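Please look through the structure below with this briefing at hand. It is written for a reader who is meeting such descriptions for the first time.

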Amino acid sequence: MNVVRYCVYFALLIVPMVTGCGDANRASLSGTVTVNGTPIENGSISFTPLQGTTSSAAGAAIKDGVYKIPNDKGPLPGEFKVIITGTKKSGKKIKEPGTGNELDEVVSAIPAKYDPLRGGTEVLKATITTGGNKLDFDLTE
């Protein structure tokens, strides 16, 4: 019985000290996202691991052209496909269904060539390393 108790204590106390908490190899990511040099007002960015990269995906909101993914939510190093979405006001007003209130029309801010939903085939990729990564993306028409 004492042997079993000793093994349980060992597993609960010693193993976490050896393995640590979290993964020190995770990366933090930050940068800017622009279209022809103009910051994307609102959007999102996601990093999806490519084949051969053993990491989970990571993502963040884009606000005024800036995104940040802290180390504890970041991916492991490797090669990633980058997917960016964003919206902008079109300058037109539309009526809200049901209420008839006028709202600003919002359209995609991403050039069509980067948007697979609009037939785009341009693929963005990024190489992420351990530690801090500053990755800026300027999407062009």
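This is a predicted model: local features need pLDDT of at least 70, side-chain atom pairs count only at pLDDT 80 or more; totals for chains, interfaces and linings use all residues.

Residues are numbered from 1 along each chain as its sequence is written, and side-chain values use heavy atoms, with hydrogens and water left out.

**Overall fold**

- The chain holds 1 helix and 10 strands, where helices (H or I, at least four residues) and strands (E, at least two) are DSSP runs numbered from the N terminus.
- Read from the N terminus, the order of elements is α-β-β-β-β-β-β-β-β-β-β.
- Of the 141 residues, 27% count as buried, a word that stands for under 20% relative accessible area, with exposed meaning over 50% and partly exposed in between (1.4 Å probe, protein chains only).
- Among contacts with a separation of 6 or more, 61% come from residues 24 or more positions apart, a contact being heavy atoms within 4.5 Å.
- The chain exposes about 9,200 Å², of which carbon and sulfur atoms supply 57%; accessible areas come from the Shrake-Rupley method with a 1.4 Å probe, and for residues only the protein chains shown count as cover.

**Aromatic rings**

- A pair of aromatic rings is described by the distance of the centres and the angle of the planes.
- Rings of Phe, Tyr and Trp (its six-membered ring) pair if their centres lie within 6.5 Å, and planes under 30 degrees apart count as stacked, over 60 as edge-to-face and the rest as tilted.
- By this rule there are 2 aromatic pairs, and one of them is the tilted pair of Phe47 and Tyr67, with 6.1 Å from centre to centre and 45° between the planes.
- This pair links distant parts of the chain, since Phe47 lies in strand 3 (residues 42–49) and Tyr67 in strand 5 (residues 66–69), 20 residues apart.
- Phe47 counts as buried because its relative accessibility is 0%, and Tyr67 counts as buried at 1%.
- The rings of Phe47 and Phe137 have centres 6.5 Å apart and planes at 50°, so this pair is tilted; it joins strand 3 to strand 10 (residues 137–139), across 90 residues.
- Phe137 is buried, with a relative accessible area of 9%, and Phe47, Tyr67 and Phe137 form one aromatic cluster.

**Salt bridges**

- The structure holds 4 salt bridges, each being a side-chain nitrogen of Lys or Arg within 4 Å of a carboxyl oxygen of Asp or Glu.
- Among them is the bridge between Asp104 and Lys93, at 2.8 Å from N to O, which links strand 7 to strand 6 (residues 78–95).
- Asp104 is partly exposed at 33% relative accessibility, whereas Lys93 is exposed at 53%.
- Lys134 and Asp136 meet in a salt bridge at 3.0 Å, N to O; Lys134 is exposed, with a relative accessible area of 57%, and Asp136 is partly exposed at 45%.
- Salt bridges that share partners join Lys89, Lys93 and Asp104 into one network.

**Asp115 in its loop**

- Asp115 sits in the loop between strand 7 (102–108) and strand 8 (124–128), and is buried, with a relative accessible area of 14%.
- The side chain of Asp115 forms a salt bridge with that of Arg118 (2.9 Å, N to O), and Arg118 is partly exposed at 41%.
- The side chain of Asp115 also reaches the backbone nitrogen of Leu117 at 2.9 Å.
- Leaving aside neighbours within four places in sequence, Asp115 is in contact with Ser108 and Gly120.

Key: A polar contact is a pair of N or O atoms within 3.5 Å; within protein, one must be able to donate a hydrogen and the other to accept it, and residues adjacent in sequence count only if both atoms are side-chain atoms.
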